[in-house]
Amino acid sequence: MSSGAAGVGRIYVYSAPGYDTAWTRTVGTTSEAGRGRLKVGYTGRPDPRVRIKEQTGTVYPGGDGIVIHVDEPAIREDGTAFTDHDVHKVLDAAGIQRSSEVVEATLAEVRAAIAAVRTGRSYDPARTEDFGMRPEQADAVARTATYFREHEEDPHPPRFLWNAKMRFGKTFTTYQLARHMQWKRVLVLTYKPAVRNAWRDDLSNHVDFADWVFADRDTPCDPDTPAPLVWFASFQDLLGTTAGGAVKDHNIDLHLIDWDCIVLDEYHFGAWQGAAKEVCDPAPATAGKDVSKAEEKAAETAAERAEEVTDLAEAGTPRLIAATPEAGIATDLDTADLRLNGRHFLYLSGTPFRALTEGEFNEDAIYNWTYPDEQYAKQQWDTVAGNDPVRNPYLELPQMQMFTYALSEVASVAIDQGADGLFDLSGFFEAKKVGSEYHFVDPNRVSEFLNMLRGRLTQSATEKLLNNFKPPFPYSDGRFAGAVDHTVWFLPTVASAHAMKAALEQHPYFRDFLVHVAAGSGAKMGAQAKEPVDAMLVRAAKVDKQTITLSVGKLMTGVTVPQWGAILILRSLKSPESYFQAAFRVQSPWTSRNDDGTRSIRKSTCFVFDFDPNRALSLIYQYGTKLAGGSTKTAPSDVIGELLAFLPIFAFDGGRMDQVDVNAVMDWGTAGAGAAMLAKRWGSPRLIDLSEEVLRRLLANTDLIERLEQMEDFRSLRQDADKIIAQSQKIKQGKKPKGGEPTGPDDPDVTAARKAKREQVRSLRDKLLKFVQAVPVFMYLTDFREEALVDVIESLDTQLFERVTGLTLDDFHKLSEVGVFHPAHMNEAIWQFRLFERASLHYLGTTAADEDSRPVGLWDRTVSGDELASV
């Protein structure tokens, strides 16, 4: 029978005013429960609220104050029914006072009694959970168990990977696999000690594991205990040694036990991903010493420092790395070096990109459960006969949406490119420590960025928008309301995190937010790093404030903060592991229980705000094809299409915001540039500079003006430029105080002048863009690809350029001199064209052997071919 099936009664628990109620009060992540009076009842009706109203309607006619704590189907695991009398008997046997259906108990004790009746196991007040496996969890257990049994006789222990996203329930499902396989000894290893509580709580709270024992360094147990044993350990501690290079005393048992299974949790993290030397090597000052907890703390600090310097996984090594104490150098490490004996190995990760890319596991040794799988299950739940829509287990898992913004589109000045010619987001937020304070290298552009988040753009940025369209910004658009009440910002360095906190405190809008820096020496370690965030959220709820958590790597894996509704990614990331581990932090469910026992979903949609569209689409391609690509999907485009159906992406680039389609993602993933976005880039307003200064230089060149005015599009060029300058002057004058009072942004003259200027600039820019849009045609036709395009036009292929664009060489030269063609943005557009062109030629097999090493010409400079090939 299923919940909600005909004939199945309901067991319910409620409290009412006048009872000494056993409320459970949540503070941060802890709960305080007190014993009180609770009504434990049963009804054969499908909705217990009807029966409760009959019982309380006279005293509480409106139901005010009635709180339903439990409303569940009264059915045992074997399919037989039970009633409240069965629950009363368990509570009576436990010595809990009862008067008819009212008991003097905590809610946890009542839940434990219900769980005992449902499962037929002994009553344990600490074990209140009795939920079963979801279909995908049961499938993972069945497939893994089958694989392990089929490979028991292999010369090497079988290995299996769970590629399962956050909220799959990897800990609970691992324990169910252990029960199914009848394992007695399980070792859990991780590079993230912060996940310890999840492993302990699932084992300690669920009735299915009543006989199991949880142990770790702080709570060891007798290794010869007859009870099934789960031992949790961190690699940092396991690889540490004593002064003589021996195993630490508290780890000796780990090397003596024959483990039924060794579980490697968070497999994407740590030494597997190239941070091994930082994580595992003992510092020279402590080499040869048994530093125990201090060593583990230092190792975790080193790991976080590695996260700040470079993303984990970018260097990537396929094997573990261990420290050689005598030499102090890193060497390859395999299971033999660990000196651990295991009969089965289970690997857990939500983002095992490297493992899948390098083919570490056979296809039949991988179980996939990805974001599209989860969202599809949520969508299909109601279509399955017998499923109760109210009890959809996936309903609380929010949909993700991604909004990407090209900062160059909304910046008032040109943004520098990185050494590879692409936008450097980390460089944009570069900061330094000066004395005891932290400061951004360019505080003005950061201030402009914070204003942009509110939808406040500078005049020059507004002029770049097509059709006066302003895209939806995180802290200004209604669709994001609620989601941005509590956000996490992912920054490049500790200095930038502290500098951002200072900038937020000085900003007229964000200064009212509660802000916490979860980075640097001041932040706590491991699971304790989350405690200040929880405390901030509790305070925010009391004083009705919004919050921002600033992170450089802490809390970005293995941590759940339900209130986070959006993440702002403000650093350059090439590692898909780091990117999606961070992005999925905001997809944690956030629910609350209403007084009538129903559940409210506080977060139905969460958002990722990325300010580097190029990077975002490239990583989405990797996620879709490497993680979400099940064996039933033969075409990558089908996989990407399914992903975009559940994770819509909106990109602001080229002066407009559009929803990204499958072709754009495929283009970026295969060629490094999207064909549609590439075409838009050559129509981008930022390629043309029509600032007042440039227009004055243009008007000063009378010969050029006269020649251009002979063209149909530029008959009124002089008048158009004069009008734009005049409107600019009017706007400037309108902003000055009149009679001692500023006119403010709503002054009608200023508003009219701004509108007129915008229309005039757009009209003139559209005409000049016709020259620019002919440049890709010229690049395609010319044979000169190794010189800067300006040099090609001016000396190598002049006649072709004049035929294609309609501009004479002299006109082009003078337009470039006065700055009408924006060099930085032209370089970027040409760079993307060359990337796309090279990828296409590679695909056709028409490139020369040394093509990748040849220089590549941009607009006004040349870069090495190796730089282009590395992107």
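**Checking the labels against the cut-offs**

Q: What makes strand E9 and strand E13 a pair?
A: Strand E9 (residues 185-190) and strand E13 (residues 261-264) share 4 bridges in the parallel sense. Two strands pair if DSSP finds at least two bridges between them, so this counts. Leu187 is the residue opposite Ile262 in E13. Keep in mind that this is a predicted model, where local features need pLDDT of at least 70, side-chain atom pairs count only at pLDDT 80 or more, and totals for chains, interfaces and linings use all residues. Residues are numbered from 1 along each chain as its sequence is written, and side-chain values use heavy atoms, with hydrogens and water left out.

Q: Why do E10 and E18 count as edge strands?
A: The open sheet has 7 strands, ordered E10-E11-E9-E13-E17-E8-E18, with parallel pairing. Strand E10 (213-215) and strand E18 (366-369) have a single partner strand each, so one side of each lacks a neighbour in the sheet. The strand and helix names are DSSP runs numbered from the N terminus: E, at least two residues, for strands; H or I, at least four, for helices.

Q: What makes helix H6 a helix that packs on the sheet?
A: Contact means heavy atoms within 4.5 Å, and helix H6 (residues 196-205) touches E9, E10, E11, E13 and E17.

Q: How do you know that Ala499 is buried?
A: Buried means under 20% relative accessible area (exposed is over 50%, partly exposed in between; 1.4 Å probe, protein chains only). Ala499 comes in at 3%, so it counts as buried. It sits in helix H18 (residues 494-506). Leaving out residues up to four places away in sequence, Ala499 touches Ala431, Tyr438, His439 and Phe440. The C-alpha atoms of Ala499 and His439 are 5.1 Å apart, although 60 residues separate them along the chain.

Q: Why are the 59 residues of the largest set called a nonpolar core?
A: The name means a set of buried Ala, Val, Leu, Ile, Met, Phe, Trp, Tyr and Cys residues joined through side-chain atoms within 4.5 Å. Trp162, Leu177, Leu187 and Trp199 have the most contacts inside this one. A second, separate core has 46 residues, Ala503 and Leu568 among them. In soluble globular proteins, nonpolar side chains tend to be buried together.

Notes
Axes fitted to C-alpha atoms, helices over the stretch in contact; angles between N-to-C directions.
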